[in-house]
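Subject: Structure for you to look through

Hi,

Here's the structure I promised to pass on.

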Amino acid sequence: MDKITCPEVRKRTKIVISVLVILFMVLVARLYQIQIINGEQYQKDALSSQMTSAMISAERGNIYDRNMNTLAQSEQVYDICISPMEIKNENINELTDIFSKMLDVEPERIKKACENKKSQYFVVKYKVPKLKAEEVLNYSREKKIKGVFLQENTRRFYPYGSLASTVLGFTNSENDGAYGLEAYYNKTLRGKKGRIITATNAAGTYMPYNYKQIYEAEEGNSLVLTIDESIQHFAEKHLEEAVKEYDVRNRASCIVMDVKTGEILAMANKPDFDPNEPYEIGDSRIKAELEELKGKDEELYNEKKKEAWYAQWRNKAVSDPYEPGSVFKTITAAAALDLHIVDPYSERFSCPGYYVVGNKRVGCWKTSGHGNITFSQAIKYSCNPVFMQMGQRLGGENFYNYFEAFGLTKPTGIDMPGEADNAGLVHYKKALSVDGSVELPISAFGQTFKITPIQLATAISAVVNGGYLMEPHIVKQEIDIHGNVVSTTEPKVKRQVISEETSKLMRELLEGVVSDQVGGSGRSVYMPGYRIGGKTGTSEKTDKRIDGKVAYWVSSFMGFAPVDDPQIMVLVLLDEPANGNVFGSVVASPVVGGILADTLPYLGIQPNYTEEEMQTMDISVPYVTGRTVLEAENKLNREGLKHKVIGKGKTVVKQVPSSGQPIPRNGEVILYTTENEDVSTTVIPNIIGYSGQQANKTLINQGLNVRFTGVSINAPGCVVAKIDPPPGTEVERGSVVTLEFTDRDLAG
């Protein structure tokens with residue numbers, strides 16, 4: 001073997017050293033890349049493999065009414081979770097069976113999750129009530145099945161069910177607001193979520209407690225609304241009755257507003273939904289239609305179901321522009337009086353039943369005409385021709401300027417979602433100012449343009465409150481978890497639109513609509529002891545015709561009280577009533593009347609009866625059972641009641657009506673003086689449609705007492721609209737029967 005020379009050794013040594021230097025430099029470069037350039041990312045990757053993170057839900061703030069009644073709150077529930085890595089294979093089938101039976105979840109989904117041994121976390125079911133969650137956990141412990149645990153969560157609960165649902169909205173599965181105030185104030189209500197960071201070992205199991213870091217959740221703030229739960233209940237009760245009775249096809253809306261502050265005391269839409277179950281269809285008619293489609297055409301069924309969801313969640317009172325009809329005459333009248341272009345009492349107008357504008361003949365609702373009337377009478381009778389003339393007197397520029405000043409060209413700015421930017425679809429000032437314009441006189445009585453109910457309610461409040469346009473609002477305060485006030489919404493005056501004098505005059509004129517029991521179009525709202533003003537409305541849906549003819553209407557009524565010092569305004573609209581008379585004076589005014597009858601006493605506004613009203617008022621039947629016949633007779637005589645004695649005893653053993661029931665003055669009380677005396681009964685006849693005098697005579701002849709509500713029994717065209725108890729009911733003679741009258745000649 002040849003010997004290796006020194007030069008060769010040195011050469012090889014140099015090569016080895018060079019290779020080692022290069023390798024070292026590569027290693028240094030790689031270490032530099034790992035530790036310096038990509039160090040942060042590798043650190044994150046290491047932490048992610050060594051740490052697990054779980055979210056802590058923040059408790060959502062409550063929503064209260066103005067009296068601190070809870071309308072929406074969060075309650076503690078639990079997410080049922082599993083760690084598939086810890087579940088033994090022999091337990092998978094049993095665990096799948098437990099979850100499918102106890103939690104109603106799909107077995108295949110659970111089985112597949114359990115078999116994924118790389119996973120440490122899987123949610124079987126979200127938001128399970130506490131008792132059910134504990135039942136599942138205890139069962140798994142008894143069976144010694146590892147890997148099942150609970151995670152705290154919250155869910156939204158609405159104690160009053162559907163009450164104010166289109167105002168409140170609801171939350172989604174992530175506990176974030178999906179609709180209504182829940183969505184609009186989501187950032188305020190939801191709080192800040194927390195996290196639990198836990199270390200895991202090489203096997204992927206949790207390290208001891210001292211390796212855990214908890215970042216606590218921050219609870220959300222709460223809202224105090226201007227809504228009054230009681231007034232909201234009154235509004236929804238009467239609105240729901242009207243929807244059923246008149247078969248309203250396109251929902252109904254109601255707004256109750258404090259005219260001085262712009263506070264919303266109630267806002268309702270019917271049919272609506274239960275926010276605890278927002279995907280349940282609330283409209284029974286639509287629900288039945290969907291059931292018909294189910295199984296026949298799944299694609300159409302799913303499409304219609306989504307449409308139904310969005311429709312019932314929509315706050316119609318804020319979101320849906322409509323042609324207001326004759327209620328808008330309130331605005332036209334206020335503008336005309338403010339400019340002093342009409343004398344309401346002395347100047348006369350002619351209404352032959354129509355008015356010709358341009359080449360178009362536009363009819364009055366009363367085809368025979370109102371004859372020779374004053375402007376104040378035109379308001380009471382809701383005469384279209386007079387208001388068309390008033391529109392022409394105002395002129396396009398003045399009409400538009402007042403329209404704009406009353407806030408009808410822009411959104412109101414109410415603190416709610418859904419108010420369209422294009423609310424107030426009115427003709428341009430230039431189009432209204434063209435000589436011979438048809439749009440101007442027709443707009444003057446509320447047709448050919450659209451505004452939202454909240455815009456109209458706000459404008460009318462300005463008409464009656466002294467002329468001040470308020471910004472409507474529904475949130476009164478924001479408070480923190482300790483009850484400290486974070487912010488308060490103060491009443492905001494946008495501007496004064498009409499003078500105090502004009503406002504006072506308008507209140508008096510609108511009172512005549514209700515108080516005039518002979519000609520007032522809103523006389524069915526009259527209540528003894530209260531001064532109420534109002535205006536009827538029946539608008540044609542001109543953009544929804546069939547074969548060129550109007551086939552759908554919106555019936556509405558606006559009422560406010562008391563006239564001398566207005567506190568509240570109520571606006572009701574029934575969109576497409578399909579059963580009976582469509583006039584707002586017939587179908588919408590009783591709804592407002594019912595809401596006012598409940599609300600005014602609730603607010604502490606006491607009745608102040610005139611002498612004439614006192615003479616016709618019902619009285620409470622006194623308690624005379626147990627008294628001698630003579631004592632009973634004297635007591636009833638003092639109360640202004642008649643009596644009839646049945647039996648030969650000396651003491652009253654039974655009376656009909658019973659004590660405390662309302663009975664008309666001069667009504668008759670039947671006194672029974674013998675035990676086991678056969679009680680005389682009669683069957684209530686069907687007298688719907690009878691005139692007031694006919695109905696009264698029929699029931700009195702059957703020995704019944706009659707109470708009257710609605711229009712006066714002496715009003716022209718007065719007919720029975722409703723009977724309580726209903727026809728066919730067998731009652732004792734002497735019982736009180738309540739008749740609700742309407743006027744077949746009412747309109748507007």
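Aspartate 516 touches Lys380 and Arg523, leaving aside residues up to four places away in sequence; touching, or contact, means heavy atoms within 4.5 Å. With Lys380 there is also a polar contact of 2.8 Å between the side chains. (A polar contact is a pair of N or O atoms within 3.5 Å; within protein, one must be able to donate a hydrogen and the other to accept it, and residues adjacent in sequence count only if both atoms are side-chain atoms.) You'll find aspartate 516 in the loop between helix H19 (500-515) and strand E21 (533-540). Helices (H or I, at least four residues) and strands (E, at least two) are DSSP runs, numbered from the N terminus. Aspartate 516 counts as buried because its relative accessibility is 19%: buried means under 20% relative accessible area, exposed over 50% and partly exposed in between, with a 1.4 Å probe and protein chains only.

Some housekeeping: this is a predicted model, where local features need pLDDT of at least 70 and side-chain atom pairs count only at pLDDT 80 or more, while totals for chains, interfaces and linings use all residues. Residues are numbered from 1 along each chain as its sequence is written, and side-chain values use heavy atoms, with hydrogens and water left out.

Now zoom out. The protein has 24 helices and 35 strands. Its radius of gyration is 37 Å, well over the 27 Å that the globule rule gives for 748 residues, so the protein is more spread out than a compact globule. (That radius is taken over C-alpha atoms, and the rule is 2.2 Å times the number of residues to the power 0.38.) Along the principal axes, the C-alpha atoms fill a box of roughly 145 × 80 × 55 Å. Of the 748 residues, 49% count as buried.

Next, have a look at helix H21 (residues 589-602). Its buried residues include Val591, Ile595 and Leu600. What do the buried residues of H21 pack against? Their partners are helices H9 (229-245) and H20 (584-587), plus strands E11 (252-258), E24 (553-561) and E25 (568-575). After H21 comes glycine 604, with a positive phi near 85°.

Further along there's an open sheet of three strands, ordered E27-E30-E28, with mixed pairing. Strands E27 (642-646) and E28 (654-656) are at the edges, each pairing on one side only. Two strands pair if DSSP finds at least two bridges between them. E27 and E30 (residues 668-672) run parallel over five bridges, and lysine 644 has isoleucine 670 in E30 as its bridge partner.

Most residues other than glycine have a negative phi, and most peptide bonds are trans.

- The bond from alanine 561 to proline 562 is cis, with omega near -15°; proline 562 sits in the loop between E24 and E25.
- Valine 656 and proline 657 are also joined by a cis peptide bond, omega about 0°.
- Lysine 127, in strand E4 (residues 122-128), has a positive phi near 55°.
- Asparagine 666 has a positive phi of about 75° and lies in the loop between E29 and E30.

Are those last two buried or exposed? Lysine 127 counts as buried because its relative accessibility is 17%, whereas asparagine 666, at 55%, counts as exposed.

Cheers
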